[in-house]
Amino acid sequence: MATLVKVWVVLVVLTLISMWAGAVQDGAIPILAQVAVVVTVAGVKAWTILQHFLGLRSAPGGWRALFAIYLIALSGAIFAIYTAGTVLASRAHVISGSLQ
């Protein structure tokens with residue numbers, strides 16, 4: 001099998017993992033763990049696409065490092081914003097419930 005086909009199969013498997021993690025309900029997995037899995041899988045998929053389909057694998061090391069730092073920062077920011085929003089929303093619910 002050609003390398004790009006193998007990479008495509010890996011991307012499909014990663015997509016299925018992300019779909020599973022996002023679809024779990026009833027508290028089987030904590031919501032922040034679900035979000036962490038989805039964001040991590042998205043980052044791995046983005047890195048894989050950059051490496052294999054957009055030619056970053058043959059680019060100079062500086063470009064690879066720049067994109068790696070960018071993906072880590074972006075994934076971390078998305079997770080941090082989601083976590084902060086979840087915490088603030090839960091506190092707002094507690095505060096509004098105590099006022100009634």
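Mentor: When residues up to four places away in sequence are not counted, Q51 touches L56, R57 and R64; contact here means heavy atoms within 4.5 Å. Q51 lies in helix α2, a helix being a DSSP run of H or I with at least four residues, numbered from the N terminus. Its relative accessible area is 11%, so Q51 counts as buried (buried is under 20%, exposed over 50%, partly exposed in between, with a 1.4 Å probe and protein chains only).

The model is predicted: local features need pLDDT of at least 70, side-chain atom pairs count only at pLDDT 80 or more, and totals for chains, interfaces and linings use all residues. Residues are numbered from 1 along each chain as its sequence is written, and side-chain values use heavy atoms, with hydrogens and water left out.

I49 also belongs to helix α2. At 34% relative accessible area, I49 is partly exposed. Leaving aside neighbours within four places in sequence, I49 is in contact with L11 and L54. The C-alpha atoms of I49 and V7 are 8.5 Å apart in space, although the two residues are 42 apart in sequence.

V7 and L11 lead us to helix α1, for both are among the α1 residues that meet α2. Helix α1 covers residues 3–23 and helix α2 residues 31–52; the two pack at an angle of about 165°, with their axes 9 Å apart. Axes are lines fitted to C-alpha atoms, for helices over the stretch in contact, and angles run from 0 to 180 degrees between N-to-C directions. The helices α1 and α2 are therefore roughly antiparallel to each other, a term for angles over 145 degrees.

From α1, the residues in this contact include L4, L14, I17 and A21, and from α2 they include V37, V41, V44 and T48. The residues of the contact divide into 11 nonpolar, 6 polar and 1 charged.

L4 is found in helix α1. With 42% relative accessibility, L4 counts as partly exposed. Its contacts, apart from neighbours within four places in sequence, are H52 and F53. L4 and T48 are separated by 44 residues in sequence and by 10 Å in space, C-alpha to C-alpha.

L71 is buried, with a relative accessible area of 12%. Beyond its neighbours within four places in sequence, L71 is in contact with G43, A46, W47 and L50.

Finally, consider the confidence of the prediction. The mean pLDDT of the protein chain is 89, and 92% of its residues reach 70 or more; pLDDT is the predictor's confidence in each residue, from 0 to 100. Among the elements of the chain, α2 has the highest mean pLDDT (94), and helix α3, residues 61–99, has the lowest (87). Where pLDDT is low, the predicted coordinates should not be read in detail.

Technical notes. Parallel < 35°, antiparallel > 145°, perpendicular 65-115°, else oblique. Nonpolar A, V, L, I, M, F, W, Y, C, P; charged D, E, K, R; others polar.
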